[in-house]
Amino acid sequence: MRIIDLMGRRSPFLSLEFFPPKEKEAWPKFFSTAEKLAALDPLFVSVTYGAGGGTQGNTLDIVARLKQDLGLEPMAHLTCVGATEAVILDFLERLRASGIHNVLALRGDAPKDQPGFTFENQPFRHASDLASLIRKHHPDMGVAVTAYPEPHVEAPSIADELRWAKHKLESGGDFAITQLFFDNRLYVDFVERLRAMGVDKPVLPGVLPILSLKSAKFILSLCGASIPGKFLAALEKAFDQGGDEAVYRVGLDFAKNQARELLEKGAPGVHLYTLNRAEPCLEIGESLGLA
Ligand SMILES: Cc1cc2nc3c(=O)[nH]c(=O)nc-3n(C[C@H](O)[C@H](O)[C@H](O)COP(=O)(O)OP(=O)(O)OC[C@H]3O[C@@H](n4cnc5c(N)ncnc54)[C@H](O)[C@@H]3O)c2cc1C
């Protein structure tokens, strides 16, 4: 079923984002984590595509198993950077054959091993090109796109980011999922400005629980999000006093409060970046009364 139709039936809700483990030996543990998280009754679960390299082929197998074995409603991430139309259409056909009806249409990042790579001469330059292609060939599929309340590193300004978010939603996106952020005012302001531009589609906020200082710094270096000074100071103080265990508690409490406040401020649900970990997500779901 299309996620946008599910959204019309239930709010608030949680959705969960996973990444496919690179090694097949890690799959049993992955599926056992997903099974534990099914207790949260997520509206949908999404599986990344190619982020970090080498795992594109696994996305399809994993979404198919999440649906068949666990009865979850999966959404496959799909990037178009460096891809041809034929490759994209083939992937979509294989998704359909596995009973998957939802795709997150992404551009993706420039390949690191191709110096001088430019998006200008690519068949797909932006996620909006992919969203349009999916709409044209699979009009009944559910399509999500990204949004960046804290502007994407390539965006000259938040006004540009808003313009392109609107364009992506008008090119075929049913709803948007945001990049992670830690200041809820960014989300509220972004949604208000989109609404003022005449866009009424749902914008689902992405929340990342910070579970260790090392992983936080790694993830933030990848996505360009910033941590408010006060929160960073609290995490560092916790680390000095009690190491990563103390950071885990501070990070998790922050995520619980952030998610609760987002729902209070009108977000339709919360998209949790799970990092393939069950316990912190279960704790967040319980604190929201959604477990
Ligand atoms: C929820 C979420 C999930 C993600 N999952 C993955 C994943 O599974 N795999 C992966 O590799 N990466 C993933 N990413 C990271 C993503 O690939 C990068 O952030 C990438 O740099 C941008 O992809 P996009 O689809 O947002 O691009 P776009 O929407 O194309 O945006 C890229 C930049 O171009 C601007 N822009 C957009 N459209 C236009 C246009 N028509 N003309 C001019 N400028 C435009 C935007 O404002 C932005 O600054 C994810 C990001 C998010 C937020």
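Start with the largest nonpolar core, which has 73 residues. A nonpolar core is a set of buried Ala, Val, Leu, Ile, Met, Phe, Trp, Tyr and Cys residues joined through C-beta atoms within 7 Å. Buried means that 20 or more other C-beta atoms lie within 10 Å of the residue's own; exposed means 12 or fewer, partly exposed is in between, and the C-beta atoms are placed from the backbone. Select Ala76, Val103, Ala105, Leu130 and Ala176, the residues with the most contacts inside this core.

Before going further, note that this is a predicted model: local features need pLDDT of at least 70, side-chain atom pairs count only at pLDDT 80 or more, and totals for chains, interfaces and linings use all residues. Residues are numbered from 1 along each chain as its sequence is written.

Stay on Ala176. Which residues is Ala176 in contact with, leaving aside its neighbours within four places in sequence? They are Ala144, Val145, Thr146, Ala147, Ala165, Leu169, Lys201, Val203 and Leu204. Two residues are in contact if their C-beta atoms, placed from the backbone, lie within 7 Å.

**The sheet**

Now show the strands. Helices (H or I, at least four residues) and strands (E, at least two) are DSSP runs, numbered from the N terminus. Nine strands form an open sheet with parallel pairing, in the order E7-E6-E5-E4-E3-E2-E1-E9-E8. At its edges are strand E7 (203-204) and strand E8 (206-207), each with a single partner strand, so one side of each has no neighbour in the sheet. Two strands pair if DSSP finds at least two bridges between them.

Select strand E1 (residues 14-18) and strand E2 (residues 45-47), which pair in the parallel sense over three bridges. Glu17 is opposite Ser46 of E2. E2 in turn pairs with E3, also parallel and over three bridges, and there Val47 faces Ala76 in E3.

Select strand E3 (74-79). Six of its six residues are buried, so E3 is largely enclosed by the rest of the structure. In a regular strand the side chains alternate between the two faces of the sheet. In E3, Pro74, Ala76 and Leu78 point one way, while Met75, His77 and Thr79 point the other way.

Move to strand E4 (102-106). Five of its five residues are buried. Asn102, Leu104 and Leu106 point one way from E4, and Val103 and Ala105 the other. E3 and E4 are parallel, joined over four bridges; Ala76 has Val103 as its bridge partner in E4, and Leu78 stands opposite Ala105. To get from E3 to E4 the chain passes through H4, making a right-handed β-α-β crossover. Right-handed means that, with the strands pointing away from the viewer, the path from the first strand over the helix to the second runs clockwise.

**Helix H5**

Select Ala127, Ser128, Leu130, Ala131, Leu133 and Ile134, the buried residues of H5. They pack against E3, helix H4 (85-97), E4, strand E5 (142-147) and H6.

**Around the ligand**

Select the ligand and the 25 residues around it; Thr48, His77, Arg107, His126 and Ala127 come nearest. A residue is near a molecule if its C-beta atom, placed from the backbone, lies within 6 Å of it. E3, helix H5 (127-137) and helix H6 (158-170) each supply at least two residues of this shell. The largest share, five residues, comes from H6. The shell divides into seven nonpolar, twelve polar and six charged residues. Here Ala, Val, Leu, Ile, Met, Phe, Trp, Tyr, Cys and Pro count as nonpolar, Asp, Glu, Lys and Arg as charged, and the others, Gly among them, as polar.

Most residues other than glycine have a negative phi, and most peptide bonds are trans. Select Ser11 and Pro12: a cis peptide bond joins them, with omega about 5 degrees. Pro12 lies in the loop between helix H1 (3-7) and E1.

Next, go to Asp41, in the loop between helix H2 (27-37) and E2. Its phi is positive, about 50 degrees. Asp41 is partly exposed, with 13 other C-beta atoms within 10 Å.

Finish at Leu275, in the loop between strand E9 (270-273) and helix H10 (279-287). Phi of Leu275 is also positive, near 55 degrees.
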